[in-house]
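Please read them with the structure open beside the text.

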Amino acid sequence: MTDENKEILARINSYAESTLGEIDPQKVPVSQQLEQLKPVMEELAREKNVSLEDMFILYMDLQSEASCSAQKKLEDSLVDLNDGVDGGMPLLFR
């Protein structure tokens, strides 16, 4: 992820924290969540001279990349825990 993309993601996520608050992302449809983020995405789209649709797609891609990276780090840290298990039950991760 480029520095520019990290900045975009950080800006949208910061806005999301202040706007979406303590909503449960499992219960609020993604369409509603994205609608709440529309103002910051419109602002970024104007600044970057891209369409709003392209900014939504970029955000979804960046969020997915960040999520996969966090997942990989967690899995890697759990591998270290399993290394110390001698014949016992390994720690399973799904």
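1. Of the 94 residues in the protein, 20% are buried, where buried means under 20% relative accessible area, exposed means over 50%, and partly exposed covers the values in between (1.4 Å probe, protein chains only). The model is a predicted one, in which local features need pLDDT of at least 70 and side-chain atom pairs count only at pLDDT 80 or more, while totals for chains, interfaces and linings use all residues. Residues are numbered from 1 along each chain as its sequence is written, and side-chain values use heavy atoms, with hydrogens and water left out.

2. The protein has 3 helices and 0 strands, and from the N terminus on its elements run α-α-α; helices (H or I, at least four residues) and strands (E, at least two) are DSSP runs, numbered from the N terminus. Among the contacts with a separation of 6 or more, 48% are made by residues 24 or more positions apart, a contact being heavy atoms within 4.5 Å.

3. The largest nonpolar core holds 16 residues, and those with the most contacts inside it are Ile12, Leu37, Met41 and Tyr59. At least two residues of this core come from each of α1, α2 and α3, and the largest share, 6 residues, is supplied by α2. The term stands for a set of buried Ala, Val, Leu, Ile, Met, Phe, Trp, Tyr and Cys residues joined through side-chain atoms within 4.5 Å. In soluble globular proteins, nonpolar side chains tend to be buried together.

4. The buried residues of α2 are Gln33, Leu34, Leu37, Val40, Met41, Leu44 and Ala45.

5. Helix α2 also carries a kink of about 50° at Lys38, shortly before the proline Pro39; the bend at a residue is the angle between axes fitted to the seven residues ending there and the seven starting there. After α2 comes Asn49, with a positive phi near 60°, and this residue other than glycine is found in the loop between α2 and α3. Asn49 is exposed because its relative accessible area is 73%.

6. Two further residues can be set side by side. Asn5, in helix α1, counts as buried because its relative accessible area is 18%, and, leaving aside neighbours within four places in sequence, Asn5 is in contact with Leu58 and Leu62. Glu53, in helix α3, counts as exposed because its relative accessibility is 52%; its C-alpha atom is separated by 9.4 Å from that of Glu42, 11 residues apart along the chain.

7. Which residues lie nearest the centre of the largest pocket? They are Leu20, Pro25, Gln33, Tyr59 and Gln63, out of 15 lining residues, and the elements that give two or more residues to this lining are α1 (3–20), α2 (30–48) and α3 (52–83). The lining divides into 9 nonpolar, 5 polar and 1 charged, with Ala, Val, Leu, Ile, Met, Phe, Trp, Tyr, Cys and Pro counted as nonpolar, Asp, Glu, Lys and Arg as charged, and the others, Gly among them, as polar.

8. The volume of the largest pocket is about 350 Å³, a volume being the space filled by probe spheres set on grid points that are joined across faces, edges and corners. On a 1 Å grid over the protein atoms alone, a pocket is an open set of points where a 1.4 Å probe fits, with protein on both sides within 12 Å along at least five of seven lines, and lining residues have an atom within 4 Å of a point.
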